[in-house]
Amino acid sequence: MVLSDEEKERFDLALGRIREISENPGLGFPEYSDFFVCTAADICRVFGIFEEIGKEGYFDKDIDSLKKDNENLFRSVLPANYGSSYANPDYAEEKLGIFGHEMSYLAAELVYLPQLIVDKKYYDVLILMELFLELYGLFTDEVKPTSKAVSETLFYHAFDYVEYYTLERLRDTMVPSENTAYDIVMNLDHDDPAYLFRYGEYISDNEIKLSEYLSRLSEEEIDRMAEVFTSGFRRGFDVMRVPFEGKKAVNIRYHIGEERIVKSAVKKFRAMGLESILNRYAVNRICRRGVIKQGYEATSVNDQFEYDHRMDESVYLDGRFADRRINASEAAYEQLKEYSSQFAGPAVMETFGEELFDPEAKESVARLNPSQEEISIDMNRKLSVISNKYIPGDEYSFTIIAFPLPSIGEDFDEIFKETMILNTLDNDKYSAVQQKIIDALDTSDYVEVIGSEGNETNMHVSMRHLNDPAKETQFENCVADVNIPLGEVFTSPVLKGTYGRLQVSSAYLGGYHFENITIDFEDGMVKDYTCSNYENEEDGKRYIKENILFNHDSLPIGEFAIGTNTVAYSMARRFDILDKLPILIVEKTGPHFAVGDTCYSHAEDKKVYNPDGKEIISRENDFSMMRNTDPEKAYFNCHTDITIPYSELGNITAVYSDGSRKDIIRDGRFVLPGTEILNDAL
């Protein structure tokens with residue numbers, strides 16, 4: 001964003017004052033001087049590095065030198081330094097007492113200055129520097145400020161700029177532009193990993209090694225990956241019977257280091273008539289700028305830092321803010337409605353193989369209080385209604401595919417090659433096998449899912465009655481189009497009469513590791529839950545509530561599925577990476593249950609058909625039925641899959657109204673006639 005003359009003057013004055021503070025804080029309360037000196041010095045260090053980056057020939061430096069400068073941009077939150085960083089809530093609370101919560105929030109916001117500078121979002125940088133100075137000013141008076149004064153300063157910053165942030169983030173997400181990322185992808189030499197440091201992101205060995213690996217592949221291999229990715233997206237329109245005409249833009253989400261694949265994908269999408277949007281910012285957050293993984297991303301600079309600040313909206317969230325945020329969203333979508341009508345959807349390249357992360361539970365971190373939890377849930381429901389009004393769920397497509405990261409281990413090269421095999425398995429072969437499973441399940445009264453080898457799973461899943469089995473089906477026959485790789489049949493189960501216990505020894509959900517997670521259900525709703533991540537059971541319950549239930553008191557089962565991709569499971573066991581696979585692949589390696597919305601969220605009225613021509617009628621449940629009468633209560637805006645691996649699975653049995661039974665899986669193996677071929681990989 002280009003600054004006006006007045007804004008440029010404000011920018012120069014703010015930066016000049018911050019440089020003075022870094023050398024001489026001049027506070028009346030010396031116990032707080034260190035925070036302002038250190039934070040001002042961090043800001044100045046970032047600007048100093050970017051002055052060097054702006055010099056001609058900077059990117060001719062060797063990789064080690066570029067890495068050193070890059071680490072300096074994020075010095076305060078590197079794991080080695082985090083213990084004494086004000087971005088660490090524990091340290092901030094220890095040093096600043098009652099002001100620790102708010103000051104840690106500000107320190108976390110400033111960590112993302114490099115991204116804003118690279119993207120030329122100078123107005124964002126300006127108002128962030130002015131926020132720092134406004135807080136500093138509270139401590140220069142003779143009277144010590146109250147906690148309320150500090151809190152109000154942060155609140156009004158978010159409140160006053162909510163319209164600006166909302167419009168900017170929505171524009172980033174929906175409007176094609178030749179921004180920094182687009183230039184990096186389309187115009188730079190991807191054989192030289194120096195280009196990675198132009199993003200303003202923390203660049204680890206993951207990104208460097210991934211880029212180097214892809215640079216060694218032939219153009220044919222790169223194009224083949226891009227073709228699987230883009231053709232899956234295009235097929236999604238046909239599978240879901242969504243009109244493609246009039247669509248002009250696709251949002252590509254990727255991991256830094258994958259630029260060669262992205263460049264090929266951009267060209268293939270353009271041949272379809274779609275321009276590509278490459279952005280890093282999330283439309284659903286206001287102040288945090290880089291942590292939400294809805295655009296391109298890199299390996300986290302510090303997982304614990306991001307976890308500590310995942311609920312920073314607690315600093316400013318109240319009813320007034322929520323109302324203004326909702327109104328701002330409606331206004332932003334209305335202003336950009338031409339682009340929303342042309343939006344074809346997201347095309348996502350996920351990655352897997354990062355080190356498992358078990359977060360430390362801290363009492364000092366920002367959390368929503370009970371009132372804020374209710375406000376947040378209500379606000380997000382209303383925002384979802386607005387989003388669906390301008391981008392209806394039944395008027396766009398998507399695709400998602402996954403590739404490994406070098407951090408997965410020494411077998412990275414082989415795992416990458418085998419992942420490509422997974423992504424190109426024979427659709428027709430699996431469709432025929434999966435249809436056998438669907439035929440057995442369709443006329444059942446309920447399905448039993450029983451664990452083994454100490455797994456306590458014992459689920460009773462109620463099925464619907466088909467009025468016309470010749471034309472209707474309960475399960476979708478899922479092969480590789482929008483959801484790559486192939487390999488599952490899934491349904492939205494009847495909630496009433498669905499009950500039991502779901503238990504998994506280890507699961508990696510939403511980027512977080514869960515140990516011995518157990519969830520009890522009654523009438524399809526979460527009744528109780530535990531995990532063994534923490535000695536204190538209440539810490540474990542809170543961990544689940546915040547990261548699986550997303551602060552809802554309960555959630556329904558939105559999906560019951562049986563994964564059939566035994567090739568993926570076999571690969572995972574062979575390389576011992578089952579706990580590192582993303583949900584996208586893990587959900588295909590056994591039966592799974594999703595808590596939250598159904599798979600047809602916001603698109604229930606769009607008829608969907610299996611390859612055999614039967615209409616899939618299980619597209620809604622008791623909640624989504626309210627979408628037209630009470631839409632704010634129809635959706636929960638989350639969907640988390642929890643998979644039971646074959647090694648912990650005993651039986652899956654269809655039980656019919658006459659009491660007869662038919663095993664789909666027995667002792668962890670497929671036994672239904674016509675499906676035994678799936679056991680070959682096991």
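Biologist: What is the orientation of H9 and H15 to each other?
Modeller: The axes of H9 (residues 162–174) and H15 (residues 319–335), which are lines fitted to C-alpha atoms over the stretch in contact, come within 9 Å and cross at roughly 40 degrees. On a scale of 0 to 180 degrees between N-to-C directions, angles under 35 degrees count as roughly parallel, over 145 as roughly antiparallel, 65 to 115 as roughly perpendicular and the rest as oblique. H9 and H15 are therefore oblique.

Biologist: What pLDDT do local features need in this model?
Modeller: Residues are numbered from 1 along each chain as its sequence is written, and side-chain values use heavy atoms, with hydrogens and water left out. The model is predicted, so that totals for chains, interfaces and linings use all residues, side-chain atom pairs count only at pLDDT 80 or more, and local features need pLDDT of at least 70.

Biologist: Which residues of H15 meet H9?
Modeller: Helices (H or I, at least four residues) and strands (E, at least two) are DSSP runs, numbered from the N terminus, and contact means heavy atoms within 4.5 Å. From H9, the residues involved are Val 162, Glu 163, Thr 166, Leu 167, Leu 170, Arg 171 and Met 174. On the H15 side they meet Phe 321, Arg 324, Arg 325, Ala 328, Ser 329, Ala 332, Tyr 333 and Gln 335.

Biologist: Is Asn 70 buried or exposed?
Modeller: Asn 70 lies in helix H3, residues 63–73, and beyond its neighbours within four places in sequence it is in contact with Phe 197, Glu 201, Tyr 202 and Ile 203. Buried means under 20% relative accessible area, exposed over 50%, and partly exposed in between (1.4 Å probe, protein chains only). Because its relative accessibility is 3%, Asn 70 counts as buried.

Biologist: Which strands are at the edges of the 8-stranded open sheet?
Modeller: The order of this sheet is E12-E11-E10-E6-E5-E17-E18-E19, with antiparallel pairing, where two strands pair if DSSP finds at least two bridges between them. Two of its strands each pair on one side only, namely 525–530 and 669–670, which are E12 and E19.

Biologist: Which residue stands opposite Leu 502 in E11?
Modeller: E10 (residues 494–509) and E11 (residues 512–522) run antiparallel and are joined by 9 bridges. Across this pairing, the residue opposite Leu 502 is Ile 519.

Biologist: Which residue in the turn between E17 and E18 has a positive phi?
Modeller: E17 and E18 run antiparallel, joined by 4 bridges, and Val 655 stands opposite Arg 661 in E18. The two strands form a hairpin with 5 residues between them, and the turn residue with a positive phi, of about 90 degrees, is Gly 659.

Biologist: What is the average twist of the 5-stranded open sheet from one strand to the next?
Modeller: Here the order is E8-E9-E13-E14-E16 and the pairing is antiparallel, while E8 (476–478) and E16 (639–643) are the edge strands. From one strand to the next, the twist averages 25 degrees.

Biologist: Which helix packs on this sheet, touching E8, E9 and E13?
Modeller: Within the sheet, E13 (residues 557–563) and E14 (residues 591–596) pair in the antiparallel sense over 5 bridges, and Ala 561 stands opposite His 592. The helix touching E8, E9 and E13 makes about 155 degrees with the direction of E8, and is H19.

Biologist: What is the omega of the peptide bond from Ile 484 to Pro 485?
Modeller: Pro 485 is found in the loop between E8 and E9. The bond from Ile 484 to this proline is cis, with an omega near 10 degrees.
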